[in-house]
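Good morning, everyone. Please take a look at the chain on the screen, and I will walk you through its charges and its helices.

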Amino acid sequence: MIRTAPRRLAFRVEYDGTDFHGWAKQPGTRTVQGTLESVLSAFLKEPVRVDGASRTDAGVHARDQLAAVTLHHPIRLRGFQKGINRRLMLVVFIKQPARINRGIAINGKLVAPSNKVSAAL
């Protein structure tokens with residue numbers, strides 16, 4: 001596989017949380033972060049960590065949760081969205097992927113989407 005310089009992608013996430021034990025990855029339980037990381041890693045054939053701007057508890061739904069990944073894969077934004085959504089099979093849905101500055105952190109402790117990033121998404 002061709003590796004490219006790392007780039008940061010942000011995207012919105014929607015899901016029905018009924019069958020999830022929250023956002024954060026936990027061993028032996030089905031979580032949104034764990035599902036996204038598993039599907040992304042298999043699709044892109046590289047380990048992928050998904051950072052979420054917020055967390056949810058078991059059974060909680062999300063419509064516009066912000067998440068981000070750092071990729072070395074050359075996939076285009078449209079291919080990223082279509083390919084991942086096809087593999088997620090409506091369990092989780094990603095939308096509005098956008099390239100963001102690698103210096104922007106998006107996690108439970110620091111939510112740093114500037115107005116520029118929010119407008120892009």
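**Salt bridges, a helix and a patch**

Let's start with a network. Salt bridges tie together Arg8, Arg49 and Asp51. Keep in mind that this is a predicted model.

Arg49 counts as exposed, at 55%.

Now step back. The protein has three helices and four strands. Starting at the N terminus, the order is β-α-β-β-α-β-α. There are 121 residues, and 46% of them count as buried.

How many salt bridges does the structure hold? Five. Let me show you two more of them.

Take Glu37 and Lys25. They form a salt bridge, and their closest N and O atoms are 3.1 Å apart. This pair links distant parts of the chain. Glu37 belongs to helix α1, while Lys25 sits in the loop between β1 and α1, 12 residues apart. Glu37 is buried, with a relative accessible area of 8%. Lys25 is exposed, at 54%.

Next, Asp64 and Lys95. Their side chains meet in a salt bridge at 3.7 Å, N to O. Again, distant parts of the chain are linked: Asp64 is in strand β3 and Lys95 is in strand β4, 31 residues apart. Asp64 counts as partly exposed, with 44% relative accessibility. Lys95 is buried, at 19%.

Back to helix α1. It covers residues 32–44, which is 13 residues. From first C-alpha to last, α1 reaches 18 Å, close to the 18 Å expected at 1.5 Å a residue. How many of the 13 residues in α1 are buried? The answer is 10, so this helix is mostly covered. Among the buried ones are Val32, Leu36, Val39, Leu40 and Phe43. Here is a handy rule for reading helices. An α-helix has 3.6 residues a turn, so residues three or four places apart point the same way.

Last stop: the surface. Which residues form the positive surface patch? They are Lys45, Arg78, Lys82, Arg86 and Arg87. Look at Arg78 in particular. Arg78 lies in helix α2, residues 77–88. Arg78 is exposed, with a relative accessible area of 54%.

That's my tour. Thank you, and I'm happy to take questions.

Note on methods: Residues numbered from 1 in each chain as written. Predicted model: local features only at pLDDT ≥ 70, side-chain atom pairs only at ≥ 80, totals over all residues. Heavy atoms only, no water. Patch = residues over 30% accessible without salt bridge, like charges linked within 9 Å, V, L, I, M, F, W, Y side chains within 5 Å. Areas by Shrake-Rupley, 256 points an atom, 1.4 Å probe, with all protein chains shown as cover. Salt bridge = Lys/Arg side-chain N within 4 Å of Asp/Glu carboxyl O. Lys, Arg positive; Asp, Glu negative; His and termini not counted. Charge placed at Lys NZ, Arg CZ, Asp CG, Glu CD. Helix = DSSP H or I, 4+ residues; strand = E, 2+ residues; numbered from the N terminus. Buried < 20%, exposed > 50% of the residue type's maximum accessible area, 1.4 Å probe, protein only. Expected span 1.5 Å × (residues − 1).
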